[in-house]
Amino acid sequence: MRTLLFSTLILAAGSLQAASSLELNERGYFSMPGLDVTVFADIYPDGHQTGVTVIQHGERTAANGDLRLETSPGQWSPVPTGVGDAQVDEKNQRISQTLAYPDESKNRKGFNPIIYPDLKFTYKVHVEPLEGSSFKISVDLQQPLPDEWIGKVGFNFELFPGDLFGKSYLMGDSSGIFTQQPNGPMLEHQGEWLAEPLATGKFLVVAPEADAQRLQIEQRKGGELELWDGRTNHNNGWFIVRSLIPAGASRNAIEWVVTPSVIDDWQYQPVIQVSQLGYGVSLTKTAVIEQDASDTKASKVQLLKLGADGPQTVDEATPEPWGSFLRYHYLRYDFTAIREPGMYQIAYRGQKSQPFKIGEDVYSRHAWQPTLEYYLPVQMCHMRVNEKYRVWHDKCHHDDALMAPVDYNHIDGYISGPETLTKFQPGQPVPGLNKGGWHDAGDYDLRVESQIGTTWLLAMMVEEFGLNYDATSIDQEKQVVEIHQPDGKNDALQQIEHGLLTVLGGYENLGRLYRGIIVPTKRQYVMLGDAAAQTDNLVYHPSLKPGEARDGRSGTPDDRWVFTEQNPNRELDVAAGLAAASRVMRDYNPELSQRALEAAEAIYTGAFAKSDKTATRAFALAELIIATGKQAYIDALTSMQADIVADIDNSAWPIGRVMTAIDNPEFIKAINSAVVEQQQRVQAQAAETPYGVPYKPHIWGAGWGIQDFGVKQYFVHKSWPDIASSDIYVNALNFVLGVHPGNNTSSFASGVGSKSALVAYGVNRADWSFIPGGVISGTALIRPDLPELKVWPFFWQQTEYVMGGGATNYMFLALAVEALERGNSAKAD
């Protein structure tokens, strides 16, 4: 597959010449106004991102065009390996990619039970433009398929369902509607149950009624086209157009002509990108306008204040051109001078943004609160979570946990070595793991880094901003949570307690930290709905038969497994989090506080010398210095001076808070000088995008990384306010709240702002729903240059919630910007 440096994404978009038919552009894909066709430019087939891809009028409508061994592949299905980069033939206007089966990296114990030892073949996919918007796809096999694989291998082309529901299709004498849900009748096909094909024939028309997304596919060579609904065996499937490789075929085994509809003179319409929540009175306020690459004209912007008589223009200006980024041209409108509290909109070329607020109290309600009121309680493991009439989930995972097998590679990436590293044998119940913890993401596992990361961030919110908020009852004895029923206790401290219960429960019973706790089977792993249904809540005992239960034990081996690992860097992160939590818990739960500090110091002692990460060492030492004030920790930190200076980009943020405790002029001078250079690099990175933050996503959307970047910049700014700007973390928050690339300007924080992510990859995603206060991964990059945030619940790389780096990083940023606004207002008074 092609490897693209990020620098190639920032080409001069204006230099791309408009064409009346598809032709290769300087970015290595076929393009014309209203249509782009990329060929194996992306790297993620499991996420429906690679192969032959069609982008119509700025929207990705079809993707993953490639040979597949299954009619409707899933997340762990075999995929081919790219053999070298795609070959871009500019002279003959052709792109070709060589691929081979199998991908040996997927054939690992515990990871993929489907192995094809007798099927090894190499092939090429070619794409070349024809007249107008048509292009040809052809497939050449190195040699014909073995007879036993005829009828099993075919070329799949996936159609994105979210934009097709309610649209029609035509194929020969068949026609129909793309339905919201998959329907039967069912047939057994290659060992699994699928819905019968929607249609078969030689010529398919997709969405004939919609000029913006009509697509024609003609089968020139190979068997008939088949239209399948890939959602019957995988909830996250797409509609699939497929044709099988004929017996004896090699050259031109498949040949399609694809003709996407293109609207004449189409141009990407400007998108107004604003914070969907709003802006503080004293803070920088910048809207970003995203336009077509060929549209470099700046029209007037109007700022409208909303009143009883409707919108009134309070400012009019010409936005400043920023330049080219990704595939678009950008403008920026700065309205920082507007300080009058109220509700506003921005108008540009006849379009209006969603309404947003300007005020000193913009973050004081409906901002970070949903994360603490909803998301954290809903994610709590081992509890029943009620919200008045609603039960989010019942008591769950009380059979935690069995010691994981050795030498095992779990489907979700947990890996065990040749020993359990504990006194427990594989399959043996480990006590003390059925308390505390938050379900990690859109699934139900507990990762130690997300547990301690969430705990640390909450502790920081208490220390930094005095977070004290009570909207929830949390009863650890009865293991019941009641949302919107205060109990007179600080919710943040109760949540920190919940995190400590799982981390310390693992450490004190295993004699070490757990790596993670997760269900053993794929069927359990993909389960959606009530967490209480994932296991029977009874500890497994091998003497009982499957389904048998006696004396609180069960013969059903559905208990989650606990994995361990040797990872001193992760251990130091946990030591840091435990030290921080011990400080804020001293008055609330002194006994738990003492246990946390003792564990932090013991873990630090065992891991420090083994760690190879300077920033992680500095993080642990800084938290222990604040927690204990011990000179030994201060001496250890100052002895790392050369390493910290060399790694200042990663090490500045954790040590800033302890600089006042250090009486070492040489150390202080060296660090201060290094921070000056570090902040120059930060400013340079922020200036690479029109958003004032770095945007360099890999697979997942960049939201989590930008939030983490913003939190760390907060600590650098607090410690070195004359060197580090607060604008960076303000921009990071605004990015999450709507000032981000692409035409979907929703706030990544569900339920926050005028428009937000209301279809998200949480545990309730099959209902096309959301959890208030959850924060999605955000706008992803479809390589090489398309920012994308679709309304689709099954894109983990765009709409997944996670603990630690997701919702609580956002919550911290919102509190940080609220404190900044409050401080600025106090100075003004």
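These questions and answers walk through helix packing, aromatic pairs and backbone features in a predicted model.

Visitor: At what angle do H12 and H15 pack, and is that parallel or oblique?
Guide: H12 covers residues 703-719 and H15 covers residues 807-828. Their axes lie 9 Å apart, at an angle of about 40 degrees. Angles under 35 degrees count as roughly parallel. That angle therefore makes H12 to H15 oblique.

Visitor: Which hand does the crossing of H12 and H15 have, left-handed or right-handed?
Guide: The two helices are set at about 40 degrees. H12 passes H15, and the crossing is left-handed.

Visitor: How do the residues of the contact of H12 with H15 divide into nonpolar, polar and charged?
Guide: H12 brings Gln-707, Asp-708, Gly-710, Val-711, Tyr-714 and Phe-715. H15 meets them with Asn-809, Tyr-810, Phe-812, Leu-813 and Ala-816. Gly counts as polar here. The division is seven nonpolar, three polar and one charged.

Visitor: Are H1 and H15 roughly parallel or antiparallel to each other?
Guide: H1 spans residues 369-379. H1 and H15 have axes 11 Å apart and an angle of about 170 degrees. Angles over 145 degrees count as roughly antiparallel. H1 and H15 are therefore roughly antiparallel.

Visitor: How many charged residues are in the contact of H1 with H15?
Guide: Thr-371, Leu-372, Tyr-375 and Leu-376 come from H1. Ala-807, Thr-808, Tyr-810 and Met-811 in H15 meet them. Six of these residues are nonpolar and two are polar. The charged count is none.

Visitor: Which residues in H12 meet H2?
Guide: H2 runs over residues 448-465 and packs on H12 at about 35 degrees, with axes 13 Å apart. H2 passes H12 in a left-handed crossing. On the H2 side are Trp-456, Leu-457, Met-460, Glu-464 and Phe-465. On the H12 side are Val-711, Tyr-714, Phe-715 and Lys-718.

Visitor: How many residues of the contact of H2 with H12 are charged?
Guide: Glu and Lys count as charged. Glu-464 in H2 and Lys-718 in H12 belong to this contact. The rest divides into seven nonpolar and no polar, so by the charge classes the charged count is two.

Visitor: Are the rings of Tyr-101 and Phe-121 stacked or edge-to-face?
Guide: The structure holds 50 aromatic pairs. In this one the ring centres are 5.5 Å apart and the planes meet at 25 degrees. Planes under 30 degrees apart count as stacked. The pair is therefore stacked.

Visitor: Which strands hold Tyr-101 and Phe-121?
Guide: Tyr-101 and Phe-121 are both buried. They stand 20 residues apart in the chain. Tyr-101 is in E8 and Phe-121 is in E9.

Visitor: Where does the chain place Phe-325 and Tyr-695?
Guide: Phe-325 and Tyr-695 form an edge-to-face pair, 6.3 Å centre to centre, with 70 degrees between the planes. They are 370 residues apart. Phe-325 is in strand E27, and Tyr-695 is in the loop between H11 and H12.

Visitor: What relative accessible area does Tyr-695 have?
Guide: Buried means under 20% relative accessible area. Phe-325 is buried, with a value of 0%. Tyr-695 is buried too, with a value of 1%.

Visitor: What separates the C-alpha atoms of Gly-132 and Ser-21?
Guide: Gly-132 is in the loop between E9 and E10. Gly-132 touches Ser-20, Ser-21, Leu-22 and Met-32. Gly-132 and Ser-21 are 111 residues apart along the chain, yet their C-alpha atoms are separated by 4.2 Å.

Visitor: What is omega for the cis peptide bond from Gly-184 to Pro-185?
Guide: Pro-185 is placed in the loop between strands E13 and E14. The bond from Gly-184 is cis, with omega near 5 degrees.

Visitor: Which residue does a cis peptide bond join to Asp-400?
Guide: The residue is in the loop between strands E33 and E34. Omega for the bond is about -10 degrees. The partner of Asp-400 is Ala-401.

Visitor: Is His-382 buried or exposed?
Guide: His-382 has a positive phi of about 65 degrees, although it is not a glycine. His-382 sits in the loop between H1 and strand E32. Its relative accessible area is 0%, so His-382 is buried.

Notes. Residues numbered from 1 in each chain as written. Predicted model: local features only at pLDDT ≥ 70, side-chain atom pairs only at ≥ 80, totals over all residues. Heavy atoms only, no water. Axes fitted to C-alpha atoms, helices over the stretch in contact; angles between N-to-C directions. Helix = DSSP H or I, 4+ residues; strand = E, 2+ residues; numbered from the N terminus. Parallel < 35°, antiparallel > 145°, perpendicular 65-115°, else oblique. Left-handed = near helix turned anticlockwise from the far one by under 90°. Contact = heavy atoms within 4.5 Å. Phe/Tyr/Trp six-rings, centres within 6.5 Å; stacked < 30°, edge-to-face > 60°. Buried < 20%, exposed > 50% of the residue type's maximum accessible area, 1.4 Å probe, protein only. Lists of a residue's contacts leave out its neighbours within four places in sequence.
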